[in-house]
Every structure is written in structure tokens, then in C-alpha cells.
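Here are my notes on the model you sent over.

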Amino acid sequence: MTEDFQSLVDKQTERLKRSNWREIEREVAQKRIAWVTQNPPEGGRQDHPSPRQAFETLFFEYMGLPAKNLLVTSETDTEIVWSSLNPCPTLEACLRLGLDTRQVCRGAYEKSTQAFLSQLDPQLRFVRSYAEIRPYSEHCQESIIRVDFEESMRLAIAEAQVSKQEGNKGYGAVVVRGHEMLGKAHDTAVTEHDPSRHAEVNAIRQAVLALGDGNLSGAILFSTCEPCPMCSSLAVWANLTTIVYGVSIEETAQMGKSRIRVSAREIIERSPVIIEVVGEVLREECRALYG
């Protein structure tokens, strides 16, 4: 190991000792977002960069890592998977401090990596295997996957249609992580006589049960309508990475729906976690549910 690398390990050790993971997550996310903003791709931003292009931008252009330490194990038009073998200051700092890299990397570096990718294209998602992560494995297995937001929203719309057929209010939601469908549900507040049974609540509960884990970092919540303050707050406590909705609270309120006029973004901005909010995906199809 070089002295320069040891210096990086020393700095990372001190950082992990003095800062909590959410502070590090926010600091790193801001730094990465700023880099993408200041270094636009040659020829301008592409509408749909491939997972390969995002991989090369993140690791070769931004991080300056050599390709020999990032062994691509599979690749398609919508996914690239690799094994990371590079010297890692975070790994070495965790070994010094007796910290679990599964917790540190998820708590401080998963969402901050996603923040970088989302500047290129929000549909590009970073997925890390916590079963294959050093020092518990010989390598760290990671991937970038393109998630089709419209395809997932159509599943939420289908749930909203089932809701209406059952006599509920016509909201649908799904929770997705990479290729995994963790939850798919609609509102059941009317039929179950329970005002907490919003579509998002039902879908998040399914996802938590599917994983056996209340931390949904890395997952996306798709909802036909912008989540209400209750559901946005639940997204915070579940530590979701992204909320994607079809039609806004403000627009449905103007259509005569009973809504608390507090946006999801306002809830997130006042929360302790980073959650990306993307609106107006299949807006017209979602709006038609409430007209």
C-alpha cells in the first residue's frame, strides 16, 4: 500500500470516528452532485445514458479507478454487474475501527452513489449486494440497473383500478428495488374501515415483510398520486431512496379530492434522510383515475 493510500485511510478513519453516517451520506451526495453539474458529458447530457456509460462516468472519470480493479461479470442494455477489487479506504478504516462494512456502506455510501447516478438519469439505479461485500467476501458485487419508471407506474395504476372495483378510493402503489418487486398494493381504507390503509402504507408493509427489514434503502416507491404527509413520513422512517408519483397533491386537491396540501418534497426536506422525489410520471393516465 502506498503512503498516499494510507493517508486516505487515516482521513476516512477520522471521518468515521467524528461523523455519523447520515452526515457523511449528505456530504458525499452533495460533493458528487456538484461534480456531475460541473462536468457535463461531452456533447451535452444524454437523454438515456446506458448503465455502461454511467459505470464509466462514476468509476473512471469521477473516482479515477483503473478498470483492472472493476471486473465486469455480466452486461446487457439495461444492467451492468461488476466485482470491485480496488484498494478501499472505507474498508480499511472499518477494519481498524471494528465497524461492519455492510452497515457503513449502506448507511453512508449507497444513497450518495445513487445521487450521482440520478444526476445522469433517475432511472439508473445503484444496487449493492450486502451478501458479497468485503471483508466478508473476496470482492464487492455491485450493479447499475435501468428501472423503467413507466412500467412500474403502470403496475401502480392497475392496483388503483382494482381499488375502485372494490369500492375504495382508487390509489395504487408499488415498491421496487432493482429487479425485485417488493410490494404491490392499493388503498383499502374504506373496505377495511381503517384510515391508515393508504396504498403506499400497504405496499411499504409488504416490502418490509418481504425483506424482513424495516430499512428499505435502495428501494423506490411508485404511487399513482403524490404521497400524503402520512405516507411521505412513512417513506422517511422506512429510509426509502426514491419516491416516484403520477399526479400531485395540489392537482388532485383542485379536482375536489380531500387532500392535506403538504407536498412530499416538503416532508422530505424537513426530515433527517435523503429521499429523491420524481413527479409526473404517466401524469395523464394517473390523473384520469381521479377525474
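1. A word on the basis. This is a predicted model, where local features need pLDDT of at least 70 and side-chain atom pairs count only at pLDDT 80 or more, while totals for chains, interfaces and linings use all residues. Residues are numbered from 1 along each chain as its sequence is written, and side-chain values use heavy atoms, with hydrogens and water left out.

2. Strands β1 (residues 70-75) and β2 (residues 79-84) run antiparallel and are joined by five bridges; a pair needs at least two bridges by DSSP. Helices (H or I, at least four residues) and strands (E, at least two) are DSSP runs, numbered from the N terminus.

3. The largest pocket. Its volume is about 1,100 Å³. (A pocket is an open set of points on a 1 Å grid over the protein atoms alone, with protein on both sides within 12 Å along at least five of seven lines; a cavity is a set where a 1.4 Å probe fits but cannot get out; lining residues have an atom within 4 Å of a point. Grid points are joined across faces, edges and corners, and a volume is the space filled by probe spheres set on the points.) Of the 34 lining residues, Arg-32, Met-63, Cys-88, Pro-89 and Thr-90 lie nearest the centre of the largest pocket. Elements giving two or more residues to this lining include α2 (21-38), α5 (101-120) and β4 (140-146), but the largest share, six residues, is from α1.

4. What lines it. The largest pocket has 18 nonpolar, seven polar and nine charged lining residues. Here Ala, Val, Leu, Ile, Met, Phe, Trp, Tyr, Cys and Pro count as nonpolar, Asp, Glu, Lys and Arg as charged, and the others, Gly among them, as polar.

5. The second largest pocket. This one has a volume of about 460 Å³ and 21 lining residues, with Lys-169, Tyr-171, His-198, Ser-258 and Arg-259 nearest its centre. Both α7 (199-211) and α8 (229-237) give two or more residues to the lining, and α8 has the largest share with three. By class, the lining divides into 12 nonpolar, three polar and six charged.

6. The cavity. Searching the whole structure turns up one cavity of 30 Å³ or more. Glu-110, Gln-114, Arg-125, Phe-126, Gly-218 and Thr-241 line the largest cavity, with α5 and β3 each giving two or more residues.
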